Amino acid sequence: MKLISQIKAEARNDLKGQWSSVVVVALIYMAIEFVVTNALSIWYYIEMMNHKGPIYLSKYLMFLVPFITIPLIYGYQVLFLENMRGKEFSFDTLFSGFKKYTPVFKTMILSGSKVFLYGLLLIVPGVIKCLDYAFVVYIMKDKGVYMHEALYLSEQLMKGNRMRLFKLYLSFIGWGLLVLVTLGIAALWVGPYIEATRVRFYNDLLSDSEKCTEPIEC
């Protein structure tokens, strides 16, 4: 089991010499998310200002946002998983979630719904479930399983490791402040750094689980 500092160092090494590609991919990913999530909101605001009536088309189109962003999130996370394993960043991988649209969408909606429902009870249970399902995307990609099985395997992988992952997230607080200070510009570098670190953390957990007779479930 590696120290957080070691995992972050490995992540930086993974990204070394690839920052130009990383920033371009991150920019495209963020641009698509920004346009999809904000364009409709702006449209809705304009319709309200113009008083076109009680029913606004943009209001209902906003329900379509998750159908675009969720598969995109899947592809973005898979990008860094495959990069750690030696594959170059590619737009094909970024949009890979749309090729397995139905199982990917349903699984990520299921995990998000569980996090939300546990969060309604108390903040702590919600945070715990968020940590439990942190690697659902990687498991879908690696194991080819979806829905409850993917969530279960992620929970098993995270047993005894929640606090470690929580501390890893806390270690990026300073970087988060940098993103705020730069009005989001630093996210082009900070976001990929966080994703690469998450992948390395996942890889460390896999290495530990391979020492058991039943991988992931030890």
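View 1. Thr 197 is found in helix H12 of a predicted model, in which local features need pLDDT of at least 70, side-chain atom pairs count only at pLDDT 80 or more, and totals for chains, interfaces and linings use all residues. Helices (H or I, at least four residues) and strands (E, at least two) are DSSP runs, numbered from the N terminus. Residues are numbered from 1 along each chain as its sequence is written, and side-chain values use heavy atoms, with hydrogens and water left out. With a relative accessible area of 0%, Thr 197 is buried; buried means under 20% relative accessible area, exposed over 50%, and partly exposed in between (1.4 Å probe, protein chains only). Not counting residues up to four places away in sequence, Thr 197 touches Ile 7, Lys 8, Ala 11, Leu 168 and Phe 172, where contact means heavy atoms within 4.5 Å. One of these residues, Lys 8, is 189 residues from Thr 197 in sequence, yet the two are 5.4 Å apart in space, C-alpha to C-alpha.

**View 2. The whole protein and the confidence of the model.** The protein has 12 helices and 0 strands. Of its 218 residues, 40% count as buried. Among contacts between residues at least 6 apart in sequence, 69% join residues at least 24 apart. The mean pLDDT, the predictor's confidence in each residue from 0 to 100, is 87 for the protein, and 87% of the residues reach 70 or more. Confidence is lowest in helix H3 (residues 57-61), at a mean of 64, and highest in H8, at 95. Over residues 213-218, pLDDT stays under 50, and the model has 15 contacts beyond four places in sequence for this stretch.

**View 3. The packing of H8 against H9.** Helix H8 (residues 136-143) and helix H9 (residues 147-158) pack at an angle of about 115°, and their axes are 9 Å apart. Axes are lines fitted to C-alpha atoms, for helices over the stretch in contact, and angles run from 0 to 180 degrees between N-to-C directions. H8 and H9 are therefore roughly perpendicular to each other; angles under 35 degrees count as roughly parallel, over 145 as roughly antiparallel, 65 to 115 as roughly perpendicular and the rest as oblique. From H8, the residues Val 136, Ile 139, Met 140 and Lys 143 meet Ala 150, Leu 151, Leu 153 and Ser 154 of H9. By class, this contact of H8 with H9 has 6 nonpolar, 1 polar and 1 charged residues. In these classes, Ala, Val, Leu, Ile, Met, Phe, Trp, Tyr, Cys and Pro count as nonpolar, Asp, Glu, Lys and Arg as charged, and the others, Gly among them, as polar.

**View 4. Helix H7 and the elements that cover it.** In helix H7 (residues 123-132), Gly 126, Lys 129, Leu 131 and Asp 132 are buried. The cover over the buried residues of H7 includes helix H6 (101-121), H9 and helix H10 (162-170). The axes of H7 and H9 come within 8 Å and cross at roughly 100°, which makes H7 roughly perpendicular to H9. Here Lys 129, Leu 131 and Asp 132 in H7 meet Ser 154, Glu 155 and Met 158 in H9. The residues of this contact of H7 with H9 comprise 2 nonpolar, 1 polar and 3 charged.

**View 5. The contact of H7 with H10.** The axes of H7 and H10 come within 10 Å and cross at roughly 95°. H7 and H10 are therefore roughly perpendicular to each other. Val 127, Ile 128, Leu 131 and Asp 132 in H7 meet Arg 162, Leu 165, Phe 166 and Tyr 169 in H10. The contact of H7 with H10 divides into 6 nonpolar, no polar and 2 charged residues.

View 6. Met 147 lies in helix H9 and has a phi near 55°, a positive value in a residue other than glycine. Met 147 is partly exposed, with a relative accessible area of 27%. Lys 106, in helix H6, counts as partly exposed at 43% relative accessibility. Lys 106 and Met 147 are 41 residues apart in sequence and 6.8 Å apart in space, C-alpha to C-alpha. Leu 183 has a positive phi of about 60° although it is not a glycine. Leu 183 is placed in the loop between helix H11 (173-181) and helix H12 (187-209), and is exposed, with a relative accessible area of 77%.
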